[in-house]
Amino acid sequence: ETFDFVIAGAGTAGLVIANRLSERSDITVAVIEPGDDVRQDPDVQNVNFSFSSFNASINYQYPSVTSPALGSRNLTYRAGKAYGGTSTVNGMVYIRGDKAQYNAWEELGNEGWNWNSVFSYYKKGEKFIAPKSAQIAGGATYDKNVHGESGPLTIGFPSIISNGSFHDKALATWKALGLNPIADLNGGAPNGFVAAPQTLDPDANVREDSARAYYTPVEARPNLKIIKGTVKRITWANGHGGLAVASGFEIVSPSGKLVKIGARKEVVLSASAYRNPLILESSGVGNPQILKKLGIATKVNLPGVGESMQDHPIIAMTYSLKGSISGRIPYATMPTAQDVFGNKTASIAASTSAKLSEWAKAVSASSGGAISPSAIEKRFRIQHDLIFNKNITIAELFPSSTGTGVLAQFWTSMPFSWGSVHLGSKDNINTPTITPNLLSTDFDGEILAAVGRLSQKGYSTPPLSDLITDNTSPGYSKLPLNASDEQWATFLRENVLNGLHVVGTCAMLPKELGGVVDSEVRVHGTSNVRVVDASVIPMELSGHTMAPVYGVAEKAAAIIVASLG
Ligand SMILES: Cc1cc2nc3c(=O)[nH]c(=O)nc-3n(C[C@H](O)[C@H](O)[C@H](O)COP(=O)(O)OP(=O)(O)OC[C@H]3O[C@@H](n4cnc5c(N)ncnc54)[C@H](O)[C@@H]3O)c2cc1C
């Protein structure tokens, strides 16, 4: 079969692209997806799901390689395998990040990619449902100017938001610690304490994933088709002008047969940050040294493929409560460097600035020289400037209720440790080789420890501390309030996990900075291969990744449609 556009992956981003392209009735669109239609699955719909309720058939679990910085542990990277991809199995939290982080995309060489432009696509995609009185009683606030009202993606607050004392006490404590309440964290300035909205329909009380939002309303379109299968590689036509030209995909059908699906115009990779590099590498697009080892001939020399993988390093602690909490406590506390480091901020800014070139050399070496030290240093300097001069939020502290306790999670936003994702062997398109390198740059551990101390301080400062009986994990005996730097370093090495917010493995950047796609999300060196999903986000954000994926996909779809004339 042949279509105008063929998209790999009916996930969070893939269905946005499919929806927007198929608005044009003169264009035919096919989406290749290995997962099933799970829109009626009660575990998917349930907004009070537990992560463990998702069975393996809709939940990829990729093990990483072991890492010395993690005490030789390996990590599990999870993602959704279904219509809707990871938006069907995720935590649904919808946070976009800081304005300056988006403006940095333009500074890095992506013309037209800045907060104002992506913000307009956030609004286009969104249908925001304002909180009702019960949710307002639980602390839900908003600024209607930063939300859209008529897009496909419904966003709201959980209907069972806790109206107990947790919110008021948490707000008072964080305020006492300098983190003031803010009305809405999605307007590009999330510094402070606030209730976070989610991708759910509060009236129907169901999860809003990208299948429900972007596929259900358009599935009857005759020019849109989802085909079950796994993309193995891009098929190439005879090139012209030095650019590689895709003619479609070779896919593995459910019965294991290799089938060709033709693309008259373009192919789009939306198979996730874990899987797009695998498809590119198995098509000969990537680092020639890696391709040679795999026995694959180089079609396009593009060493950034699969590199600069970034994630949020995350820690969870638990506190037991005097009483219990009924309902959800979806609050986010988002501090800046100043909030975390106080009067040491300027000296830390200066000492870390002096180390950027050393860190860049180490990260370049760990990528086998795939990205040059100078390119990484340029990217690090922009990141450092965001943290220390542009005052972005550098972490998130995020409680959730276990009923009789609080799971107090926190993570840092912009790591200086980068990992990678590559094809492990020529014929295994399903299993990425993931090298996390989490906390391999010492400062990432230092900043996480500082945020951890802030978290401990929050739970031991009245009035929030009035609710708490003890720290049950890891326990104050293991990690006291005055724990030393060494105690923190050991604790983090043994306990840090991957936040599952992976970006950057097909970064939207100029090729000389290690980029894989240009600012029209087209793979460098090709005329008609685009990548649209979390993998193109060039640097980690202070938001969670789903909201940025939706914003990026809406804008990328507009770019592709505009190119059709
Ligand atoms: C457990 C968990 C909780 C999370 N919680 C949150 C949260 O609360 N808030 C938030 O913002 N973010 C959260 N995230 C992260 C966020 O959901 C993801 O970053 C985002 O959904 C990724 O979207 P994507 O389009 O890049 O990829 P996906 O949505 O994963 O889509 C990729 C699709 O491609 C398909 N595919 C894979 N390989 C192939 C192939 N070879 N050929 C064809 N198709 C293929 C997959 O089956 C999938 O459908 C969470 C992630 C996880 C795992």
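Is H544 buried or exposed? H544 is buried, with 25 other C-beta atoms within 10 Å; a residue counts as buried if 20 or more other C-beta atoms lie within 10 Å of its own, as exposed if 12 or fewer, and as partly exposed in between, with C-beta atoms placed from the backbone. The structure is a predicted model, in which local features need pLDDT of at least 70 and side-chain atom pairs count only at pLDDT 80 or more, while totals for chains, interfaces and linings use all residues. Residues are numbered from 1 along each chain as its sequence is written.

**Overall fold**

The chain contains 16 helices and 24 strands; these are DSSP runs numbered from the N terminus, helices being H or I of at least four residues and strands E of at least two. Its radius of gyration is 23 Å, close to the 24 Å that the globule rule gives for 565 residues, so the chain is as compact as a globular protein of that length. That radius is taken over C-alpha atoms, and the rule is 2.2 Å times the number of residues to the power 0.38. The C-alpha trace spans about 70 × 50 × 40 Å along its principal axes. Of the 565 residues, 56% are buried. Among contacts with a separation of 6 or more, 73% join residues 24 or more positions apart; two residues are in contact if their C-beta atoms, placed from the backbone, lie within 7 Å.

**Nonpolar core**

The largest nonpolar core has 168 residues, and V6, I17, V532, V536 and A553 have the most contacts inside it. Such a core is a set of buried Ala, Val, Leu, Ile, Met, Phe, Trp, Tyr and Cys residues joined through C-beta atoms within 7 Å. Helix α16 gives the largest share of this core, 9 residues. Beyond four places in sequence, I17 touches I7, V268, S270, V532, A553, A556 and A557.

**Ligand shell**

Around the ligand there are 43 residues, of which G9, G11, G85, G91 and H544 come nearest. A residue is near a molecule if its C-beta atom, placed from the backbone, lies within 6 Å of it. The elements that give two or more residues to this shell are α1 (12-21), β2 (29-33), β4 (76-80), β11 (230-240) and α16 (546-563). The shell divides into 21 nonpolar, 17 polar and 5 charged residues. Here Ala, Val, Leu, Ile, Met, Phe, Trp, Tyr, Cys and Pro count as nonpolar, Asp, Glu, Lys and Arg as charged, and the others, Gly among them, as polar.

**Annotated positions**

The UniProt annotation "active site", from an unreviewed entry, covers H501 and H544. Although spread over 44 residues of sequence, the two cluster in space, with a largest C-alpha distance of 6.6 Å. UniProt positions are given in the numbering used here, feature names are shortened, and annotations may be inferred rather than shown by experiment.

H501 is in the loop between β23 (497-498) and β24 (529-531), whereas H544 lies in the loop between β24 and α16.

| Residue | Contacts |
|---|---|
| H501 | D311, H312, H544, T545 |
| H544 | V93, I95, H501 |
| F443 | T352, F416 |

H501 is buried, with 23 other C-beta atoms within 10 Å. F443, in helix α14 (residues 442-459), counts as partly exposed with 19 C-beta neighbours inside 10 Å.

Over residues 415-553 the chain is 27% helix and 14% strand, and the end C-alpha atoms are 24 Å apart.
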